[in-house]
Amino acid sequence: MFDGSLPGTVVPNTVAGAQTPVAPTDADAWPSPLGQALRRDGVAVLPIVLSEGDPRNVQLLDGLTHDVISRLARLRSFHVIARGSTFALRHMADDPVSAGRALNVGYVVTGAAAVQEKRIDLRIEITDVAGTSVLWTNEFTADRRAFAELIADLVDHIVESVDLHVTAAEARRVRTMPVETLDAWEMYHSALPHFYSTDPSVSGVALERFGMAVRLAPDFARAHAMKAACHYVRAFVGRTGNSKIEADDTRRSAENALAADQHNPASHMAHGLALWLERDVDGCLHSLRTAVALSPSFARGHSQLAGAETLSGDPGRGLAHVDIALSLSPLDATLASMEVTKAFALHRLARVDEAAVWAQKVARHAQTFGTILAPAALILASAGQLADARKVSTRIRAATPQYKSETMQYALTAMSDDLGSLFQQHAVRIGL
């Protein structure tokens, strides 16, 4: 996959023809993915309040709340309070801080909806209980007549937003804490900002801290999965000069993640990454499809699956998954990877001009990996935008003093024969 590693919008979150395992749907059927030591900052979702409309619509909103709780639990990023407890505090929807303290959680999700004849206007807020402040708020609008068909996609957008903003808040909270005082949960979140760096010394800190997190809590599946992702990136970009060792470490960490929690979508994503490095494309696709079946809200899973589908020969399905990922997480830390996946999928579908538009988006990122920028440069060259392609090539060479053309050709060909062919056609004339 391509790694260096929408507010108010609801779009379908399914891919036609995809065959994936079926996951449980009952929220209370999902045990917490975290041991007691890792539950300090759980999330509670209070019943969404009917602010306007027929009182009979309360039942509709209760169903929506139940689905949000269920999908959050399936994402398995943090401890989620069960419906029975949160619905008992329905009367506290206007005082989420007190509700959060009563439930002993760090974050409370609340909502209010105006249900009209033709549309539903929904406002969702996340409250930071300790800071007694609104962490995030957004408004969603849906066609009332099509609400039944759109509800799953609306839920996925809400869940991905909660995951993104709570995770970011936790990373900010631990940023200034001395490393030696961090527990496993805090160590994991202190590692996340380092993971996305293109600086090897900084990303090395992420690997070290994910390792410390799993030593402190050996059953912390997400930490094992992110440790696998670190090794995957290092193998993918040739950072350590020994991709075989990194591939072995990717598999080992992925297996530890699965052993810790086989219901965690991140565990299956990590396993998919390991299999990709081993050139087991079918196994990789199966693991990534399992990840998004377990949690349809898992934007990173859709992104990785999009890359695997596109590179392995099904750009149509790859395009569908990357559109889901971009819709779920339009400000994702791996946005450049998503964008280059979309660009290459469009290129493989012979939609070259559209592909060039997305390649330009990739080129605008201030910092990203050469293995992401290079396909963008080649796609621009294929579209006849040679001047822009040369600018991207210059950036790659300037950022990588030890850059070798043959190394880049090998890396791109290993991803896809089509990328290798693009390199042969255009690399020399754009200085790549």
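The model is predicted, so local features need pLDDT of at least 70 and side-chain atom pairs count only at pLDDT 80 or more, while totals for chains, interfaces and linings use all residues. Residues are numbered from 1 along each chain as its sequence is written, and side-chain values use heavy atoms, with hydrogens and water left out.

Helices here are DSSP runs (H or I, at least four residues), numbered from the N terminus. Here are two of them, with the expected span taken as 1.5 Å times one less than the number of residues.

| Helix | Residues | Length | Reach, first to last C-alpha | Expected span |
|---|---|---|---|---|
| α7 | 221-236 | 16 residues | 22 Å | 22 Å |
| α18 | 417-430 | 14 residues | 19 Å | 20 Å |

Let's start with α18. There's a kink of about 40 degrees in α18, centred on Q424; the bend is the angle between axes fitted to the seven residues ending there and the seven starting there. After α18 comes G431, with a positive phi near 75 degrees.

Which residues of α18 are buried? They are L419, G420, L422, F423, H426, A427 and I430, where buried means under 20% relative accessible area, exposed over 50% and partly exposed in between (1.4 Å probe, protein chains only). Their cover includes α11, α13, α15, α16 and α17.

S405 belongs to α17 (residues 405-415). S405 counts as partly exposed because its relative accessibility is 25%. Leaving out residues up to four places away in sequence, S405 touches R397, F423 and L432; contact means heavy atoms within 4.5 Å. S405 and G431 are 26 residues apart in sequence, yet their C-alpha atoms are 9.0 Å apart in space.

On the α13 side the meeting residues include A336, V340 and F344, and on the α15 side they include I372, P375 and I379.

Back to α7: 15 of its 16 residues are buried. S253, over in α8 (residues 243-260), is buried too, because its relative accessibility is 3%. Among the residues S253 touches, not counting those up to four places away in sequence, are H224, K227, A228 and H231.

Methods
Helices (H or I, at least four residues) and strands (E, at least two) are DSSP runs, numbered from the N terminus.
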